[in-house]
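This report covers helix packing and aromatic contacts.

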Amino acid sequence: MDKLTISATANGLNYLPEYLADQEGLFHDTGLEVTAVARDPWTGVLDDLETGHADIALGGLWVPAMYAGSERELSVVCQLNHQFPMAIAIRKGSSGDFALEDLLGKVVLAPGAGGSAPYEFTAGLLREAGVDPSGIRFVRDLSTAMLVELFTAGLGDAIIADLVTATELEASGAARIVFRHLDDGGIMPNSVYYCRTERVAELRDRISRFTAGIDTAMRLLPTVDPHTVDDILKRRWPEKDQGILREAQRQMAASAVWDTVAIDETASDRWMRILAESGLVRSAPSYASLADDSFMADYR
């Protein structure tokens with residue numbers, strides 16, 4: 001049995017296909033023993049790649065993008081999320097239809113301790129809608145837990161949050177979900193697997209089998225026994241309301257978030273343009289410079 005180690009930026013519901021593949025022995029069926037650990041702070045994944053404690057990392061595409069052209073050469077090998085599973089929730093009591101321009105002049109909490117995507121992708125959507133993000137006061141760079149606590153205590157008019165957190169806020173009566181990136185954000189290669197470029201040749205066979213396992217899990221999810229998913233939810237998040245987890249999982253399953261392990265090149269270019277507009281990259285990296293498409297070619 002060959003070993004493959006993963007260092008992940010979080011333990012997230014949007015990573016469900018990997019957890020399903022592990023539980024159902026899909027990696028084992030390909031001759032792989034896969035072990036994974038979630039790092040806090042998430043930047044530990046870069047240390048793990050550098051030291052060799054991990055073969056591949058799981059996290060946002062924006063990370064390899066920011067390092068493109070630097071001495072830290074990273075290659076993306078496949079994706080886990082085809083969309084961005086976040087939402088915008090506003091204070092309960094606000095009524096009527098919602099448009100992104102309604103955020104102008106408001107205070108919006110945008111968690112950033114786990115990465116830049118919640119703010120940066122939302123800011124990109126605002127610009128695409130003709131709304132200047134500078135007209136909105138964003139509270140950034142703090143953890144989700146801290147900003148949720150402050151939002152509940154009265155800070156801000158809206159919050160950008162993952163689907164589980166947003167659904168929890170709505171269930172508590174503190175907020176109302178008014179925008180789901182899954183519904184209105186289009187295709188966005190969010191969470192991807194990447195490794196040090198110098199190790200691609202060494203890991204090629206193992207990564208190919210791993211990608212096949214993730215693909216099988218994605219195709220299995222729509223028909224798998226609900227109790228199987230429930231077992232994963234209870235084991236990974238025993239402290240969470242299982243009904244809320246199941247509802248968030250239902251919304252993701254109904255979207256395109258787990259449609260394919262293959263990155264959409266046009267969507268990648270769009271995300272890179274958004275990052276370039278914000279100055280997070282010196283220039284928008286091309287798809288070819290970011291990804292080794294050979295691992296994804298069979299799944300297009």
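The sections below take up the model, a helix contact, ring pairs and charges over rings.

## Basis

This is a predicted model, in which local features need pLDDT of at least 70, side-chain atom pairs count only at pLDDT 80 or more, and totals for chains, interfaces and linings use all residues. Residues are numbered from 1 along each chain as its sequence is written, and side-chain values use heavy atoms, without hydrogens and water.

## Helix 1 and helix 9

The axes (lines fitted to C-alpha atoms over the stretch in contact, with angles from 0 to 180 degrees between N-to-C directions) of helix 1 (residues 16-23) and helix 9 (residues 200-220) come within 8 Å and cross at roughly 100°. The two helices, which are DSSP runs (H or I, at least four residues), are therefore roughly perpendicular (65 to 115 degrees).

Contact (heavy atoms within 4.5 Å) is made by Pro17, Glu18, Leu20 and Ala21 of helix 1 and by Gly213, Ile214, Ala217, Met218 and Leu220 of helix 9.

## Aromatic pairs

There are seven aromatic pairs (ring centres within 6.5 Å, using the six-membered ring of Trp) in the structure. Phe121 and Trp271 are edge-to-face (planes over 60 degrees apart), at 5.6 Å centre to centre and 85° between the planes. Phe121 lies in helix 5 (residues 117-128) and Trp271 in helix 12 (residues 265-278), so the pair ties together parts 150 residues apart in sequence.

Ring pairs link Phe27, Tyr193 and Phe210 into a cluster.

## Charges over rings

Arg91 lies over the face of Phe151, at 4.1 Å from the ring centre.

How values were computed: Parallel < 35°, antiparallel > 145°, perpendicular 65-115°, else oblique. Phe/Tyr/Trp six-rings, centres within 6.5 Å; stacked < 30°, edge-to-face > 60°. Lys NZ or Arg CZ within 6 Å of the ring centre and 35° of its normal.
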